[in-house]
Amino acid sequence: MGSNSLESFPAGCTRIRPFLGAADFELSRLFYRELGFVERTISDQMSAFHSQSVWFYLQRYYVKDWVDNTMVFLEVDDVARRRSEIVALGIVDRFPSVRLSEIQENDWGREFFLHDPSGNLWHIGSFKVG
């Protein structure tokens, strides 16, 4: 490729941090803390949440069409255990707009879905090896 190509660009990347909108910022902050993420407040408009190497930003900003079409895939080591842990937290009962699906078996792996209080959709799953 030519000298203007970005073919080496990914080599220097260290992580990706998606931005999630929040219809009710304080409720969403509470949800993610109760889910087990650690919060780092950036401003009164934004927080960063993390657990080990997983990071994302939560904003006090909401556009329904954007949030309704936001999806994040969180790869986990044990799908059934992670879903059971979420159920045990009782967050689906405490956050009425939160939805949790059953585990889906796919040809590529397993996953379940978790909608946060604003409607952001998390795919939580694992891929088959091979």
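## Ground rules

The model is predicted, so local features need pLDDT of at least 70 and side-chain atom pairs count only at pLDDT 80 or more, while totals for chains, interfaces and linings use all residues. Residues are numbered from 1 along each chain as its sequence is written, and side-chain values use heavy atoms, with hydrogens and water left out.

Helices (H or I, at least four residues) and strands (E, at least two) are DSSP runs, numbered from the N terminus. Two strands count as paired if DSSP finds at least two bridges between them.

## The open sheet

Let's start with a sheet of 4 strands. This open sheet has the order β1-β4-β3-β2, with mixed pairing. At its edges sit β1 (19–21) and β2 (38–43), each pairing on one side only. From one strand to the next, the twist averages 30°; for angles like this, axes are lines fitted to C-alpha atoms (for helices, over the stretch in contact), and the angles run from 0 to 180 degrees between N-to-C directions.

How do β2 and β3 pair, and over how many bridges? Strand β3 covers residues 46–51, and the two pair in the antiparallel sense over 5 bridges. One place to look is V38, whose bridge partner in β3 is H50.

## Helix α3

Helix α3 takes in residues 79–89, and its buried residues are V79, R83 and I86. "Buried" here means under 20% relative accessible area, with exposed being over 50% and partly exposed in between (1.4 Å probe, protein chains only).

What covers the buried residues of α3? The cover includes α1 (25–35), α4 (91–94), β6 (99–100), β8 (109–115) and β9 (121–127), with contact meaning heavy atoms within 4.5 Å. Both ends of the helix have something to show. At the start of α3, a side-chain oxygen of D78 comes to within 3.3 Å of the backbone nitrogen of A80. Just after α3, G90 adopts a positive phi of about 70°.

Strand β5 (residues 71–75) has alternating side chains. β5 and β9 run parallel, joined by 5 bridges, and V72 has W122 in β9 as its bridge partner.

Now for β8. With 5 of its 7 residues buried, β8 is largely enclosed by the rest of the structure. β8 pairs with β9 in the antiparallel sense over 7 bridges, and G109 stands opposite F127 in β9. The hairpin of β8 and β9 has 5 residues between the strands, and there G119 takes a positive phi near 110°. β8 also pairs antiparallel with β6 over 2 bridges, and with β7 (residues 104–105), again antiparallel, over 2 bridges. A hairpin through 3 residues joins β7 to β8.

## Two residues in β8

H115 is in strand β8 and is the bridge partner of R99. At 16% relative accessibility, H115 counts as buried. Leaving out residues up to four places away in sequence, H115 touches V98, R99, N120 and L121.

E111 also lies in strand β8, standing opposite Q104. Buried or exposed? E111 is buried, with a relative accessible area of 7%. Its side chain makes polar contacts with those of N106, at 3.5 Å, and H123, at 2.8 Å. A polar contact is a pair of N or O atoms within 3.5 Å; within protein, one must be able to donate a hydrogen and the other to accept it, and residues adjacent in sequence count only if both atoms are side-chain atoms.

## The core

The largest nonpolar core has 22 residues, and Y32, L114, W122 and I124 touch the most other members. Such a core is a set of buried Ala, Val, Leu, Ile, Met, Phe, Trp, Tyr and Cys residues joined through side-chain atoms within 4.5 Å. The elements giving two or more residues to this core are α1, β4 (54–59), β5, α3, β8 and β9, and α1 gives the largest share, 3 residues.
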